[in-house]
Amino acid sequence: MLFAKASSPYMHDDSSVQSIMRKVLYALIPGSLAAIWFFGWGVLVNILIAAITCLAAEAWVLWLRKRDIRNTLLDGSALVTACLLALALPPLAPWWLTVIASLFAILVAKHLYGGLGFNPFNPAMVGYIVVMISFPREMTFWTAPVGIAHSELSFLDTLQIIFSGHTSTGIDFDSITMATPIDTLKTQLGLEHDVETTRQSTQYSPLFDTISGVGWQWVNAWFLLGGLWLAKHKIIDWRIPTSFLLALTLIANFFAVYDYASYSSALFHVFSGGTMLAAFFIATDPVSASTTPRGRWIYGAGIALLVYVIRSWGGYPDGIAFAVVLMNIAVPLIDYYTQPHTFGKPQK
């Protein structure tokens, strides 16, 4: 029997940077819509400001470097960075804070090292860390979730707060902002001498519900759904999110069993803050993450350990950005010692 023959290579991969980034943006839509629903129009405004800034900064640097502007902008990498950064920032963050974070993400964390494919650190997390350290007060402007907010902001009121710092209707700023559940629980446990009293007060607080705080578990659940879709289509490697979530669950459960009165449950940590966003969209960055199969398990577990340490004993409410960047530094070492054996070479 005769078979049709073709020249090598015989396996073709139709994926490209543009198609991968487009699918990542699709996967971000459910969680982003949930964040807008629970935390207001500020989430959408942040995304728009970050997108415009990142695209403009990318185009400017490409023009300076005499590179192809159109095709690079259309690859979607700058837009993905903008969305991840905007989703991590507080919904009522001033416009200039989002601009500063976006500029650092594109100009410093990405193009200073040579552009896409050469950046050793996750650009979005570098931009986040810069504004977190430099403007800690503005990074606390989290909107009270829908259902427990004393006043709900309209789209125009949100724009006025972000661009001018006040509203024309005279809404009290303290009545529309609130600390996140992670920050609230950490602060109360640090201030109260009677831990059991703190537990009871937070249990009956309107901010907390059965899992991780009003709105937060739903936002994380939708990011989880989008992340599973990416893993199914092999856009991301399943090892990193699995290792991260499994390690975070085991660590949190260990301390909760050891002293439940002083430590939060594993479910609280997994479905609160930016856990799912980090697990499936941030830690899985193909450039700054580990590239070896064993290294990805170590990389994800290392991020989980650092996240729990910073959340429990650190000075910041959520340590995801710091944990990711610190593990980015360790990636070359991890990859060096976890290289797979060459095919056909006997193992020592």
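Helix axes are taken here as lines fitted to C-alpha atoms over the stretch in contact, and angles run from 0 to 180 degrees between N-to-C directions. With that convention, helix H4 (residues 77–88) and helix H5 (residues 95–108) have axes that come within 10 Å and cross at roughly 140°. Angles over 145 degrees count as roughly antiparallel, and H4 and H5 are therefore classed as oblique to each other. Their crossing is right-handed. On the H4 side the contact is made by Ala78, Thr81 and Leu85, and on the H5 side by Ala101, Ser102, Ala105 and Ile106. Sorted by class, the residues of this contact comprise 5 nonpolar, 2 polar and no charged.

The model is a predicted one. The protein contains 15 helices and 0 strands. Of its 348 residues, 49% count as buried. Among the contacts with a separation of 6 or more, 77% are accounted for by residues 24 or more positions apart.

Leu85 and Ile282 are 197 residues apart along the chain, while their C-alpha atoms are separated by 9.8 Å.

Helix H5 also packs against helix H2. The axes of H2 and H5 come within 9 Å and cross at roughly 40°, and H2 passes H5 in a right-handed crossing. From H2, the residues Asn46, Ile49, Ala50, Thr53, Cys54, Ala57, Glu58, Trp60 and Val61 take part; they meet Trp95, Thr98, Val99, Ser102, Leu103, Ile106 and Leu107 of H5. By class, this contact has 11 nonpolar, 4 polar and 1 charged residues.

Asn46 belongs to helix H2 (residues 42–64). Is Asn46 buried or exposed? Asn46 is buried, because its relative accessible area is 0% and the cut-off is under 20%. Leaving aside neighbours within four places in sequence, its contacts are Ala86, Leu89, Pro90, Pro91, Ala93 and Thr98.

The crossing of H6 with H15 is left-handed. In H6, Met125, Val126, Tyr128, Ile129, Met132 and Ile133 meet Ala321, Phe322, Val324 and Val325 of H15. The residues of this contact divide into 10 nonpolar, no polar and no charged.

The largest nonpolar core has 81 residues, and those with the most contacts inside it are Leu28, Phe281, Tyr299 and Ile303. Helix H1 (residues 17–39) gives the most to this core, with 10 residues. Phe281, apart from its neighbours within four places in sequence, is in contact with Val24, Ala27, Leu28, Leu84, Phe223, Gly226, Gly227, Leu230 and Met276. Leu28, a partner of Phe281, is itself one of the residues with the most contacts inside the core.

Technical notes: Residues are numbered from 1 along each chain as its sequence is written. This is a predicted model: local features need pLDDT of at least 70, side-chain atom pairs count only at pLDDT 80 or more; totals for chains, interfaces and linings use all residues. Side-chain values use heavy atoms; hydrogens and water are left out. Helices (H or I, at least four residues) and strands (E, at least two) are DSSP runs, numbered from the N terminus. Buried means under 20% relative accessible area, exposed over 50%, partly exposed in between (1.4 Å probe, protein chains only). Contact means heavy atoms within 4.5 Å. A crossing is left-handed if the near helix is turned anticlockwise from the far one by less than a right angle, and right-handed if clockwise. Ala, Val, Leu, Ile, Met, Phe, Trp, Tyr, Cys and Pro count as nonpolar, Asp, Glu, Lys and Arg as charged, and the others, Gly among them, as polar. A nonpolar core is a set of buried Ala, Val, Leu, Ile, Met, Phe, Trp, Tyr and Cys residues joined through side-chain atoms within 4.5 Å. Angles under 35 degrees count as roughly parallel, over 145 as roughly antiparallel, 65 to 115 as roughly perpendicular and the rest as oblique.
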